[in-house]
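Please report on the model shown here.

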Amino acid sequence: MPARLDSEGRARGGRGTRHPDLRAFYLHCNGAELIERLPDTPYRILPLSKIVRARVAIFGKKNDDDAHGPASMWAICDVQDGNYLLVDVAQQENGRYPVIDGWHEAWPDPKYCDQIATSFSDSLERALRDGQAYWLNE
């Protein structure tokens, strides 16, 4: 995981990116396309070099400020149309970061950007089992 994610997690009271699911994934591969190949893949797990804060992924570099979302949210998966799956390094559940729906039309309003999985592995498993945008069917 990028050093900036690790330091961000520690700065917010966490233990950094010792998230076992993400660590295991990135030790084996540097991103992935699920279900279909680019350009039609509904899930593109980003390579480490492309992981940025959610507010940068959604609004661009010039909007890297608190008005455009919390600094603790990072985009890890491009789900097309400007939407992302995010992890919040300021929160941990059982040592794992929850996955958030980074719906660009409502970001950063938490009323519309719900937690959709308890961890990266939970989200990955559900995506492979249920298909694209599984959280919209709940």
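In this predicted model, the side chains of Asp-21 and Arg-96 make a polar contact at 3.1 Å. A polar contact is a pair of N or O atoms within 3.5 Å; within protein, one must be able to donate a hydrogen and the other to accept it, and residues adjacent in sequence count only if both atoms are side-chain atoms. Asp-21 sits in helix 2, residues 20–28. Helices (H or I, at least four residues) and strands (E, at least two) are DSSP runs, numbered from the N terminus. Asp-21 is buried, at 11% relative accessible area. Buried means under 20% relative accessible area, exposed over 50%, and partly exposed in between (1.4 Å probe, protein chains only). Setting aside neighbours within four places in sequence, Asp-21 is in contact with Arg-96, Ser-119, Phe-120 and Ser-121. Contact here means heavy atoms within 4.5 Å.

**Ground rules**

Residues are numbered from 1 along each chain as its sequence is written. Local features need pLDDT of at least 70, side-chain atom pairs count only at pLDDT 80 or more, totals for chains, interfaces and linings use all residues, and side-chain values use heavy atoms, with hydrogens and water left out.

**Salt bridges**

Side chains of opposite charge can pair when their charged atoms come close. A salt bridge is a side-chain nitrogen of Lys or Arg within 4 Å of a carboxyl oxygen of Asp or Glu. The count comes to seven. The table lists some of them.

| Salt bridge | Closest N to O |
|---|---|
| Asp-122 and Arg-126 | 4.0 Å |
| Arg-129 and Glu-125 | 3.5 Å |

Arg-55 counts as buried, at 5%.

Helix 4 spans residues 120–130 and holds both Asp-122 and Arg-126, four residues apart, or about one turn of the helix. Arg-126 is buried at 14% relative accessible area. Arg-129 and Glu-125 also lie in helix 4, again four residues apart, about one turn. Arg-129 is exposed, at 53%. Glu-125 is partly exposed, at 49%. Elsewhere, shared partners link salt bridges into one network of Arg-53, Arg-55, Asp-64 and Asp-66.

**Overall fold**

Four helices and seven strands make up the secondary structure. From the N terminus, the order is α-α-β-β-β-α-β-β-β-β-α. The protein has 138 residues, and 46% of them count as buried. Among contacts with a separation of 6 or more, 42% join residues 24 or more positions apart. The accessible surface is about 7,400 Å², with 46% belonging to carbon and sulfur atoms. Accessible areas come from the Shrake-Rupley method with a 1.4 Å probe; for residues, only the protein chains shown count as cover.

**Confidence**

pLDDT is the predictor's confidence in each residue, from 0 to 100. The mean for the protein is 81, and 81% of its residues reach 70 or more. Which helix has the lowest confidence, and which the highest? Helix 1 (residues 3–11) is lowest, at a mean of 49, and helix 3 (residues 54–59) is highest, at 94. Over residues 8–17 the pLDDT is below 50, yet this stretch has 24 contacts in the model beyond near neighbours in sequence. Where pLDDT is low, the predicted coordinates should not be read in detail.
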